[in-house]
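Please keep the sequence and the structure in view while reading.

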Amino acid sequence: MGNIQAPRGTYDVLPDQSAKWQEVERKIKELCNLYQYKEIRTPVFESTELFQRGVGDTTDIVQKEMYTFQDRGDRSLTLRPEGTASVVRSYVEHKLFGQPDQPVKLYYTGPMFRYERPQAGRMRQFVQFGVEAIGSKDPAIDAEVIALAMDVYKACGLKSLRLVINSLGDTESRLAHKQALIEHFAPSIGEFCSDCQTRLEKNPLRILDCKVDREHPLMATAPSMTDYLNEESSAYFEQVKGYLDELDISYVVDPNLVRGLDYYNHTAFEIMSDAQGFGAITTLAGGGRYNGLVEDLGGPESPGIGFAMSIERLLLALEMEKVEIGTGQTLDVYVIAMDAQSKKKAVATVRDLRASGISADMDFSDRKMKAQMKSADRKQASFVIVIGETELESGKAAVKEMATREQQQVPFEQLADTIQKSKSMEE
C-alpha cells in the first residue's frame with residue numbers, strides 16, 4: 001500500500017508557512033478592531049437549502065461546485081462554499097436585526113469548500129476572510145467596507161492593487177437591464193455554451209461572467225448596466241464614488257463587472273493584483289451590496305454589504321511583490337544540560353522562564369554539548385544557558401548572549417529577570 005496523501009485540491013500549511021498566516025490574521029484582527037467589526041463563527045456545514053436560496057440556483061457554485069451530502073438523518077447538508085449566506089442566516093436566526101445599533105458589523109475567517117479544478121491560488125479547500133455590514137443602506141458604509149478591504153492589503157505591504165467598481169442597480173434597473181441582455185443574446189444564443197443557454201432566461205447577467213465564452217464578439221457589445229440605472233440607482237452610485245474620493249481611494253469603473261452570486265445589487269467591486277507573474281486569476285477580493293438577501297432568508301428588510309478575500313491569494317500576491325511577512329518565531333533562550341542530573345534542573349529552568357513570558361527550549365535527544373550549541377544556533381536563540389555539575393554546586397548558571405558572545409554567571413532565581421532586562425535593552 002502507498003502512502004496516504006492530502007486529498008486533491010487541499011494542502012498542509014507547514015510551520016515555515018504558518019507564521020505568515022498568523023501575521024496576516026493578526027493584522028486582519030487589528031484592523032477589524034479599529035473599524036469596530038466583531039468576529040462571528042458559523043458552522044462549516046449548513047443546510048443545502050441555505051445556499052440554494054442565498055447564493056442562487058443558477059450560479060456555478062450551486063450547480064457545479066458544492067460539496068453536498070446526506071447525513072445519517074437523511075438531511076441534505078453542504079460544506080459552506082462562501083461565508084455571506086451563513087452570516088446572514090445567523091443574523092436572522094439570532095434576531096440581530098433587533099439590536100439598537102445598526103448596521104451590525106461582523107467579520108469571519110475560515111475554510112470554504114468548492115469543487116473546482118485546482119490551480120495556483122484556487123483550491124478546493126481555501127480560507128476566506130470576509131466582513132458583512134447588515135442593517136444600513138447608507139452609501140457611506142459601502143465606502144467603509146471597501147476601505148477596510150484595501151487597508152488589509154496595505155497593512156500587509158501590498159502596493160500593486162487596483163480597485164474596480166460598478167453598480168448593478170436596484171430591482172427596477174436590473175429588470176430593465178435583464179430584458180436588454182435577453183434581446184441582445186437571444187438571436188445567437190446557440191453559439192454559446194450550454195450553461196449560458198440555460199442562463200439566458202433565468203439570469204442573463206451571469207452570461208457576462210462566463211469563462212468559456214468571454215471572447216465571443218457579443219460580449220464586448222453587450223448592453224451596459226450603467227445605461228439602465230434609474231435615477232435612484234445612479235444617485236446612489238455617485239454617492240459611493242464621492243465617499244471613495246473623500247477617502248483618497250482610487251478606483252476604475254468597469255460597466256461589465258458582475259459578481260458570481262445572485263444576491264448582489266447596487267455597489268459591486270473587486271480588488272485586483274497588478275503584480276507581475278501573478279497569473280491569469282488576478283482577483284484578490286470581491287464584494288458588494290445585497291439588499292434583499294436577509295428577506296430571502298426569512299428576516300425583515302435589512303440591507304447589507306460585504307466582501308470576501310482569499311488568504312491564499314493574498315499570500316501569493318505578497319510572494320509576487322517579494323514582501324516578507326511573518327518571518328517566524330524567535331527563541332529567547334536555549335538551555336543546555338551537561339548530564340542527567342543537570343537535565344532535571346534544565347527542565348525546571350525552562351518551565352520557570354516560560355512562566356515569566358520568555359520563550360525557552362532545550363535538547364530532548366541527549367546530545368553532546370557541541371550538538372546542542374549547533375541546535376541553539378539553528379534556532380537563532382538570543383541566549384544560551386549552560387547547566388552542569390559546577391553550576392549546580394554554585395547555584396549559578398552560565399548565561400551566554402549569542403550576539404556578543406559575552407558570558408556571565410547568574411543565580412538560578414535571577415535568570416528570568418536578567419534575560420528580561422537584556423531583552424528590553426535590545427528593544
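## Terms and origin of the model

The model discussed here is predicted.

Helix H1 holds both Arg26 and Glu23, which are three residues apart, or about one turn of the helix. These two residues form a salt bridge in which the closest N and O atoms are 2.7 Å apart. Arg26 has a relative accessible area of 37%, so this residue is classed as partly exposed, since the class lies between the limits of 20% and 50%.

## Salt bridges between separate parts of the chain

A search of the whole structure finds 20 salt bridges. One of them joins Lys64 to Asp195, with 2.2 Å between the closest N and O atoms. This pair links distant parts of the chain, as Lys64 belongs to helix H3 (residues 60-65) and Asp195 to helix H7 (residues 194-202), 131 residues apart. Lys64 is partly exposed, because its relative accessible area is 44%.

A further salt bridge is formed by the side chains of Arg405 and Asp377, at 4.0 Å from N to O. Arg405 is placed in the loop between strand E15 (396-401) and strand E16 (407-411), while Asp377 is in helix H13 (residues 369-378), so the pair ties together parts that are 28 residues apart in sequence. Arg405 is partly exposed at 46% relative accessibility, and Asp377 is partly exposed at 43%. Elsewhere, salt bridges that share partners join Glu23, Arg26, Lys27 and Glu30 into one network.

## The second largest pocket

What is the volume of the second largest pocket? The value is about 750 Å³. The lining of this pocket has 32 residues, and those closest to its centre are Asp170, Thr171, Arg174, Asn265 and Asn291. Several elements give two or more residues to the lining: helix H2 (48-54), helix H6 (171-185), helix H9 (231-246), strand E9 (265-273) and helix H10 (293-296).

Which element gives the most to the lining of the second largest pocket? Helix H6 does, with six residues. By residue class, the lining of the second largest pocket divides into 10 nonpolar, 11 polar and 11 charged residues.

Val44, Phe45 and Phe69 make a nonpolar surface patch of about 240 Å². Val44 is located in the loop between strand E1 (38-39) and strand E2 (45-47). With 33% relative accessibility, Val44 counts as partly exposed. A residue needs over 30% relative accessible area to be part of a patch.

Gln52 is in helix H2. Its relative accessibility is 34%, and Gln52 therefore counts as partly exposed. Along the chain, Gln52 and Ala85 are 33 residues apart, and their C-alpha atoms are separated by 9.8 Å.

Is Gly292 buried or exposed? Gly292 counts as buried because its relative accessibility is 19%, and buried means under 20%. This residue sits in the loop between strand E10 (283-289) and helix H10. Gly292 and Ser90 are 202 residues apart in sequence, and their C-alpha atoms are 15 Å apart in space.

## Backbone features in loops

Most residues other than glycine have a negative phi, and most peptide bonds are trans.

Gln36 is not a glycine, yet its phi is positive, at about 65°. Gln36 is in the loop between helix H1 (15-35) and strand E1, and its relative accessible area of 44% makes Gln36 partly exposed. Lys95 likewise is not a glycine and has a positive phi, of about 50°. The loop between helix H4 and strand E5 contains Lys95, which counts as exposed at 58% relative accessibility. The peptide bond from Gln102 to Pro103 is cis, with omega near 0°. Pro103 is in the loop between helix H4 (84-93) and strand E5 (104-113).

How values were computed: Residues are numbered from 1 along each chain as its sequence is written. This is a predicted model: local features need pLDDT of at least 70, side-chain atom pairs count only at pLDDT 80 or more; totals for chains, interfaces and linings use all residues. Side-chain values use heavy atoms; hydrogens and water are left out. Patches are made of residues with over 30% relative accessible area and no salt bridge: like charges are joined within 9 Å, nonpolar side chains (Val, Leu, Ile, Met, Phe, Trp, Tyr) within 5 Å. Accessible areas come from the Shrake-Rupley method with a 1.4 Å probe; for residues, only the protein chains shown count as cover. Helices (H or I, at least four residues) and strands (E, at least two) are DSSP runs, numbered from the N terminus. Buried means under 20% relative accessible area, exposed over 50%, partly exposed in between (1.4 Å probe, protein chains only). On a 1 Å grid over the protein atoms alone, a cavity is a set of points where a 1.4 Å probe fits but cannot get out, and a pocket is an open set with protein on both sides within 12 Å along at least five of seven lines; lining residues have an atom within 4 Å of a point. Grid points are joined across faces, edges and corners, and a volume is the space filled by probe spheres set on the points. Ala, Val, Leu, Ile, Met, Phe, Trp, Tyr, Cys and Pro count as nonpolar, Asp, Glu, Lys and Arg as charged, and the others, Gly among them, as polar.
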